[in-house]
Amino acid sequence: MQVYMWGTRGSLPASITAERVRTRIETAIAVVRRRPPAEEDSIAGYLEQTLPFAVRGTYGGNTSCMELRGGTDFVVCDAGSGLRDFGAYVVGLLRAGQAKAPLTFHLFVSHLHWDHIHGFPFFVPAYIPGTRLHIYGCHPGIEAAFTRQQEPPFFPVPLGAMQASIDFRSLEVGREYDLAGFTVQAIKQHHPGDSYGYAFAAGGRKVVYSTDSEHKEGADQPDSPFVAFIRHADLLVFDAQYSLLDAIGAKENWGHSSNLVAVELAVRAGVRRLCLFHSEHTCDDDSLDRFLDDTRRYQRLHAPDCPLTIDLAYDGLTIDV
Ligand SMILES: [Zn+2]
Ligand SMILES: [Zn+2]
């Protein structure tokens with residue numbers, strides 16, 4: 001299995017400004033002046049070793065969209081703005097002869113907040129005749145929500161104008177489904193209007209996609225259903241939009257969790273790799289770099305013997321599972 005992150009921001013897309021690009025170029029030039037590359041250094045290796053991620057890269061600005069590779073068809077979780085780039089990638093595969101029409105997609109929807117569906121009208125494969133698109137979720141009214149966001153005055157092209165065959169399928173919590181080469185289960189999560197997390201298993205590997213979820217009362221209980229749901233996951237993708245201060249202070253009950261709760265739950269459940277996801281849209285790359293450092297430091301203090309790997313999701317991150 002492999003995971004590819006197409007969109008990782010929470011709540012709203014966030015773009016980098018010209019001023020920030022300029023600042024990071026200035027930083028990079030200052031670093032190069034202090035420590036120029038040796039003749040034998042590869043440029044890629046030099047950049048990797050010399051510049052922090054927030055200078056040589058970016059966490060990106062697309063909203064939630066995660067592709068899960070290794071199944072029988074294309075599988076994605078959520079249709080945030082990252083879905084547009086995923087669609088462009090698939091069209092590129094078609095043109096290069098690396099994918100064959102008709103295409104089949106399985107889209108799992110965590111919930112219906114805008115940032116999880118607003119990429120759908122821009123998903124080019126849905127306009128290609130013959131494409132098959134299965135949309136899964138546990139909420140009632142998913143089809144109505146997808147239809148409504150493409151009605152006037154919100155969008156000029158109605159859902160019915162998409163030429164793919166699109167069907168909406170309801171999933172039930174607690175049931176196990178065989179879909180696209182994965183065993184799939186759903187869990188209900190605390191979030192305004194509810195959200196659902198999904199566990200995907202295949203070939204002895206397990207990936208859990210759990211975004212837009214606030215872990216409150218009961219999360220610290222030994223029989224917590226969420227801990228059972230994520231137990232021994234090879235990869236846990238987890239909503240860590242907030243710092244602890246935000247999560248228990250001004251933003252309590254807003255439906256998101258902190259990086260520290262992420263670590264505690266992952267450690268308790270014996271998770272192998274944790275990917276912090278749904279990053280706060282007001283945070284720039286420098287503060288997200290610090291957020292990841294703080295999270296790793298907390299893990300070393302909280303559970304020094306636990307071999308948990310921690311990443312902070314960015315658009316374009318690939319994780320082999
Ligand atoms: Zn969200
Ligand atoms: Zn939400």
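Angles between elements, as used below, run from 0 to 180 degrees between N-to-C directions, the axes being lines fitted to C-alpha atoms. The model is a predicted one, and the points should be read with that in mind.

1. The domain assignment divides the protein into domain 1, made of 2–14 and 58–315, and domain 2, which covers 18–56. Their C-alpha centres are 32 Å apart, and the contact between them involves four residues of domain 1 and four residues of domain 2. On the domain 1 side, the touching residues comprise four charged ones, with no nonpolar and no polar residue among them.

2. Helix α1 spans residues 18–34, and its 17 residues reach 25 Å from the first C-alpha to the last, which is close to the 24 Å expected at 1.5 Å a residue. The number of its residues that are buried is zero, so α1 lies largely in the open.

3. One open sheet has seven strands in the order β6-β5-β4-β3-β2-β1-β14, with mixed pairing. Because β6 (165–170) and β14 (318–320) stand at the edges with a single partner strand each, one side of each is left without a neighbour in the sheet. Neighbouring strands here are turned against each other by 20° on average, direction ignored. The antiparallel pair β1 and β14 is joined by three bridges, and V3 has I319 in β14 as its bridge partner.

4. Helix α4 (residues 82–95) lies across β1, β2 and β3, and its direction makes an angle of about 120° with that of β1. The helix has 14 residues and reaches 20 Å from its first C-alpha to its last, close to the 20 Å expected at 1.5 Å a residue. Its buried residues are G82, L83, R84, F86, G87 and V90, and what covers them includes β1 (2–7), β2 (65–69) and β3 (74–77). After α4 comes G97, whose phi is positive, near 75°.

5. Why does M66 count as buried? This residue of strand β2 has 28 C-beta neighbours inside 10 Å, and the cut-off for a buried residue is 20 or more, so M66 falls in that class. Leaving aside neighbours within four places in sequence, the contacts of M66 are V3, M5, W6, V76, C77, D78, Y209 and V237. By contrast in sequence and space, M66 and I117 are 51 residues apart along the chain and 13 Å apart from C-alpha to C-alpha.

Note on methods: Residues numbered from 1 in each chain as written. Chains lettered and ligands numbered in written order. Predicted model: local features only at pLDDT ≥ 70, side-chain atom pairs only at ≥ 80, totals over all residues. Helix = DSSP H or I, 4+ residues; strand = E, 2+ residues; numbered from the N terminus. Expected span 1.5 Å × (residues − 1). Buried ≥ 20, exposed ≤ 12 C-beta atoms within 10 Å, placed from the backbone. Contact = placed C-beta atoms within 7 Å. Domains from an automatic or database assignment. Nonpolar A, V, L, I, M, F, W, Y, C, P; charged D, E, K, R; others polar. Pairing = 2+ DSSP bridges.
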